[in-house]
Amino acid sequence: MARINLKKFIAEHYKGGVTARDVIREGVTNSIHAGASAITVDLWFDRQPGLFGDEVRNVLEKITITDDGEGFTQDNLNYFDEICTGHKDDIGGKGVGRLAFLKYGNRVEVRSQLDSELVAFRYTPDFTPDDVQRSTLAGRRETTITISELKEKINTQVTKLVNAMCDDLRLLLFLKKQAGRIISIRFTHNSKQPFADDFTFSGEAIEAQKTRSFELQGETFDCYLFRDEAPRRGIVAMLCADELCVEEYQISKRFDICRYLISVTSAYLNRSSNIERQKLEIPKTEADTDMASPISREALMPRVHEECLAMINEAAEGDIEAFKLANLHKLKKYYPFIQVESLSGEAAMLDADEIVRTYRAQQARREDQLVEAMEEGRAVAFDDISHLASDDLARFIVHRALVIDSLAKMPRDSAEDVLHNAILRKHSDGSDIRENNVWLVDDKFLSYSNIYSDETLARIVREVGIETESKQQRKPDVAAFFSKDNEGRPNKLVIIEFKKPGADIFENNKALVQCRLYASELVDRIATVREVFAFSVVEIDDEFYKDMKRTGFKDVFSLSERVVYDDFVIGASDDVPLHLYVMPAASLITDAKARNRVFEEVLRFNMDKEIPAANEPQPHP
């Protein structure tokens with residue numbers, strides 16, 4: 001028999017890598033094919049000390065899969081030593097799945113108790129039947145495969161992993177139940193994550209609400225509808241090969257009523273699965289099809305989408321329609337600038353990300369058409385240009401409202417980090433002007449460009465930050481922005497500093513001094529700066545407020561809490577004005593919301609006129 005270099009075969013074969021999901025699915029399906037009815041998957045996690053000495057188990061260290069199947073008989077051992085075996089051809093077996101064990105872990109151990117014999121061996125790329133150790137020992141049939149010394153130490157999420165395994169195996173367990181065989185899979189773990197330590201997924205409890213078949217280009221596709229109650233959400237089509245899920249097709253992520261899962265099977269999908277059953281190799285477009293693969297994704301996926309929704313509507317007594325109406329209501333609330341009728345009737349089924357992507361794609365096409373028309377000298381309606389600009393402005397105003405609403409819900413003790421990230425993410429290089437939300441402190445900063453767009457200025461800010469930290473034993477917590485004069489030189493500076501809640505009057509006053517000194521250092525280094533606006537975001541209690549009033553700070557109108565300001569002069573010649581505002585985070589957010597509300601009211605007034613009444617959600621009969 002020809003020999004094979006197994007190490008090279010594995011390296012070439014599993015180029016995309018292997019996950020815990022792949023390994024467990026392979027082990028469990030092998031157990032099922034071996035006639036097992038009771039299977040246990042144990043997930044063992046590393047014990048790692050936490051920050052405060054408590055024990056944290058978060059890194060997957062070992063996987064064991066135990067079953068009550070026929071075990072490693074002599075015939076099965078012979079098959080185990082052969083690559084691309086053919087004894088499972090009739091059930092879709094590829095004969096290479098066990099190689100995933102070698103790809104995932106450095107140590108694979110097998111222990112199989114037969115009726116009167118114990119078989120044990122370590123599986124390696126150099127495995128031969130001579131490596132098997134046999135002992136005369138009677139006992140109950142039980143086979144355990146242990147994969148350890150895992151090649152990747154990752155923080156595995158037990159909930160996500162177990163749910164994925166249940167989704168992958170749901171159809172197989174259901175079909176086995178239909179054939180009169182009940183299979184149970186028990187999952188245990190010691191991770192201390194918020195998931196049951198001992199969870200059983202049994203074919204006995206699996207019911208298909210509805211089945212449906214459709215034909216496409218001579219191929220038959222069978223669909224099985226399953227339903228999970230809340231809180232799990234979404235509509236997912238599971239494209240299966242040989243009764244196992246290979247690919248997930250997300251139809252909706254926000255199906256609030258419950259979760260629907262539709263397993264789709266076909267001889268075509270069986271043939272399309274790659275050898276390790278990790279993906280479906282289906283042509284992308286009709287132009288890519290051939291005699292071996294005549295159906296493209298371009299043709300298949302819309303049909304799967306259509307058939308799945310039809311199944312749910314038939315089985316669920318209007319769940320889809322109720323969801324569509326609720327989604328339209330959300331769409332109008334959060335995306336009032338998007339006209340529902342412009343989305344080809346599919347708006348009710350789109351998630352937020354899909355809505356924005358679809359809308360932006362339409363806007364880009366409209367913009368491209370206008371540019372092409374102008375380049376070719378054709379007449380362009382000024383109304384079309386105006387509508388593009390107004391749509392972009394509307395989208396920006398709604399984006400601002402979402403940012404503000406998110407900030408309004410944050411705990412007070414999270415103000416520093418959340419606000420800092422909202423205005424400019426920590427550790428951001430600031431190269432993207434869209435990261436700039438400095439309008440939160442004042443709308444006059446909408447047109448500011450950020451400092452990090454210029455390497456020289458960025459270097460100066462870094463140097464001043466290091467010097468300030470050295471002098472004051474504290475690193476400045478500052479987002480800095482500039483506007484520029486007609487010659488492109490920075491002439492105005494904005495500084496925003498945050499102070500954690502709970503600081504006393506001395507710490508708060510120190511923060512104000514540090515803000516002024518930091519601004520002065522920057523002004524001395526950047527000679528073209530002629531004005532500075534500084535915002536110190538701190539909690540203002542009665543004592544701190546009285547002290548600031550005694551030292552010359554003046555009240556500024558605010559809708560909620562106290563806001564004060566004072567003017568200073570800084571720089572080597574004391575000739576650069578510094579306008580210093582002191583405000584709590586709650587006031588900053590409340591005032592920003594009030595300023596944006598003016599735009600929102602105008603926007604909603606206009607959009608209410610444009611959106612037809614037919615798009616309003618109607619009561620469900």
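Let me start with Ile183, which lies in the loop between α5 (158-178) and β9, where helices (H or I, at least four residues) and strands (E, at least two) are DSSP runs numbered from the N terminus. Please keep in mind that this is a predicted model, in which local features need pLDDT of at least 70 and side-chain atom pairs count only at pLDDT 80 or more, while totals for chains, interfaces and linings use all residues. Residues are numbered from 1 along each chain as its sequence is written, and side-chain values use heavy atoms, with hydrogens and water left out.

Is Ile183 buried or exposed? Ile183 has 0% relative accessibility and therefore counts as buried, a word that stands for under 20% relative accessible area, with exposed meaning over 50% and partly exposed in between (1.4 Å probe, protein chains only). Not counting residues up to four places away in sequence, Ile183 touches several residues, including Ile32, Leu173, Phe201 and Ser202, contact being heavy atoms within 4.5 Å. Ser202 is 19 residues from Ile183 in sequence, yet their C-alpha atoms are 6.0 Å apart in space.

Now to the sheet. Eight strands form an open sheet of mixed pairing, in the order β7-β6-β5-β8-β4-β1-β9-β10, where two strands pair if DSSP finds at least two bridges between them. β7 (133-136) and β10 (198-202) stand at the edges with a single partner strand each, so one side of each is left without a neighbour in the sheet. Neighbouring strands of this sheet are turned by 15° against each other on average, direction ignored. Helix α2 (residues 20-33) packs on the sheet, touching β1 (38-45), β4 (60-67), β8 (142-150) and β9 (184-189), and its direction makes about 10° with that of β4; axes here are lines fitted to C-alpha atoms, for helices over the stretch in contact, and angles run from 0 to 180 degrees between N-to-C directions.

Which residues touch the most other members of the largest nonpolar core? Of its 56 residues, they are Val41, Leu43, Ile63, Tyr104 and Phe121, a nonpolar core being a set of buried Ala, Val, Leu, Ile, Met, Phe, Trp, Tyr and Cys residues joined through side-chain atoms within 4.5 Å. Helix α5 gives the most to this core, with ten residues. Leaving aside neighbours within four places in sequence, the contacts of Ile63 include Val41, Leu43 and Tyr104. A second, separate core of 29 residues includes Val461, Tyr518, Phe544 and Phe553.
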